[in-house]
Amino acid sequence: MRTLIISDIHANITALNAVLDAAGPFDRVWCLGDVVGYGPDPNECIERLKDLPGLRCVKGNHDAAIIGEIEMAAFNPEAQTSLTWLSRVLRPKNLEWLTSLEDRIVDGKITMVHGSPRNPVWEYIMDIPTARANMDAFDTEVCLIGHTHIPSVFQFEDDEDHSISLEHLFPDDVFYTNRKMIINPGSVGQPRDHDPRAAFIIYDDEKELWTFHRIDYDIESVQRRIRSSGLPHRHASRLALGW
Ligand code: ZN
């Protein structure tokens, strides 16, 4: 089976459409949260996403904020501005769909969370000590995460000191499941690894093969929509920088 793995779409329909076009045929979609927040197209992204085949999607911190599960005060001022904007434009049925999302999904040998297995909505796994602290917080072979917007793989060696390696991923890098791993596909709609292209993974579960991809999309059209919608202009400028 071919699985498309995406995260942190952040209301960027142009990037999402580019990923769906580039992904080729897929049997199911796993989405690691933050469908909304920052970007200009929250309704379009939810409406495209929820009809994709075999969709499993967890809730991100921006998704949790807009349904009232996280206080807006927990976000930086610009994120608060975009959440206030979002609360005005989000259609009721799409708000309802966000409300239905779970914090954690376990599907066979895969766990899915937005942040980390021990703190699914908030914690960032950016370094080896944090990954190590989360090693016993999931029982499956692989834990898929998002939230950092940086494609990465943490591999746990099965030896006494539980050493962990961290790989920052490049397009077309491949990994095989051969030990306990935490895998982050990077972000569709707001990459933060200084590569502005949309990021995704294709997982082939027969070969146990994870392939990282990056794809160009029309960033300028998204920037124009951000600026004309009244969202903070920095949400537009950062897209071109991949930050
Ligand atoms: Zn995010």
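The protein chain exposes about 10000 Å², of which carbon and sulfur atoms supply 49%; accessible areas come from the Shrake-Rupley method with a 1.4 Å probe, and for residues only the protein chains shown count as cover. The structure is a predicted model, in which local features need pLDDT of at least 70 and side-chain atom pairs count only at pLDDT 80 or more, while totals for chains, interfaces and linings use all residues. Residues are numbered from 1 along each chain as its sequence is written, and side-chain values use heavy atoms, with hydrogens and water left out.

**Overall form**

The protein chain contains eight helices and twelve strands, these being DSSP runs numbered from the N terminus (helices H or I, at least four residues; strands E, at least two). Its C-alpha trace spans about 55 × 35 × 30 Å along the principal axes. For 243 residues a compact globule would have a radius of gyration near 18 Å, and the 17 Å of the protein chain agrees with this; the radius is taken over C-alpha atoms, and the globule rule is 2.2 Å times the number of residues to the power 0.38. Buried residues make up 57% of the 243 residues, where buried means under 20% relative accessible area, exposed over 50% and partly exposed in between (1.4 Å probe, protein chains only). Among contacts (heavy atoms within 4.5 Å) between residues at least 6 apart in sequence, 72% join residues at least 24 apart.

**The zinc site**

The zinc ion is coordinated at 2.1 to 2.4 Å by the donor atoms listed below. Donors are N, O and S atoms within 2.8 Å of the metal (3.2 Å for Na, K and Ca), and because water is not among the atoms, sites may look incomplete.

| Donor residue | Donor atom |
|---|---|
| Asp 8 | OD |
| His 10 | NE2 |
| Asp 34 | OD |
| His 149 | NE2 |

The four donor atoms subtend angles of 84 to 176° around the zinc ion, which makes the arrangement irregular. In sequence the donor residues follow the spacing D-x1-H-x23-D-x114-H. Distant parts of the chain are linked here by His 10, in the loop between β1 (2-6) and α1 (13-22), and Asp 34, in the loop between β2 (28-31) and α2 (42-49), 24 residues apart. His 10 counts as buried because its relative accessibility is 2%, and Asp 34 likewise counts as buried, at 1%. Leaving aside neighbours within four places in sequence, the contacts of His 10 include Asp 34, Tyr 38, His 62 and His 149.

Helix α5 (residues 92-99) has Asn 94, Trp 97 and Leu 98 as its buried residues. Seen down the axis of α5, these fall within an arc of 100°, so they line one face of the helix; the arc is that of the directions from the helix axis to the C-beta atoms. They pack against α2, β3 (56-57) and α3 (61-66), whereas the face turned away from the buried side carries the exposed residues Pro 92 and Glu 96.

In helix α7 (residues 219-229) the buried residues are Ile 219, Ser 221, Val 222, Gln 223 and Ile 226, and what covers them includes α1 and α8 (233-241). Gly 230, with a positive phi near 95°, follows α7. In the loop between β12 (209-215) and α7 is Asp 216, which is exposed, with a relative accessible area of 60%. Apart from neighbours within four places in sequence, Asp 216 is in contact with Ala 18 and Arg 197.

Technical notes: Four donors count as tetrahedral if all angles lie between 85 and 135 degrees; four count as square planar and six as octahedral if opposite donors are over 155 degrees apart and all others between 65 and 115; anything else is irregular.
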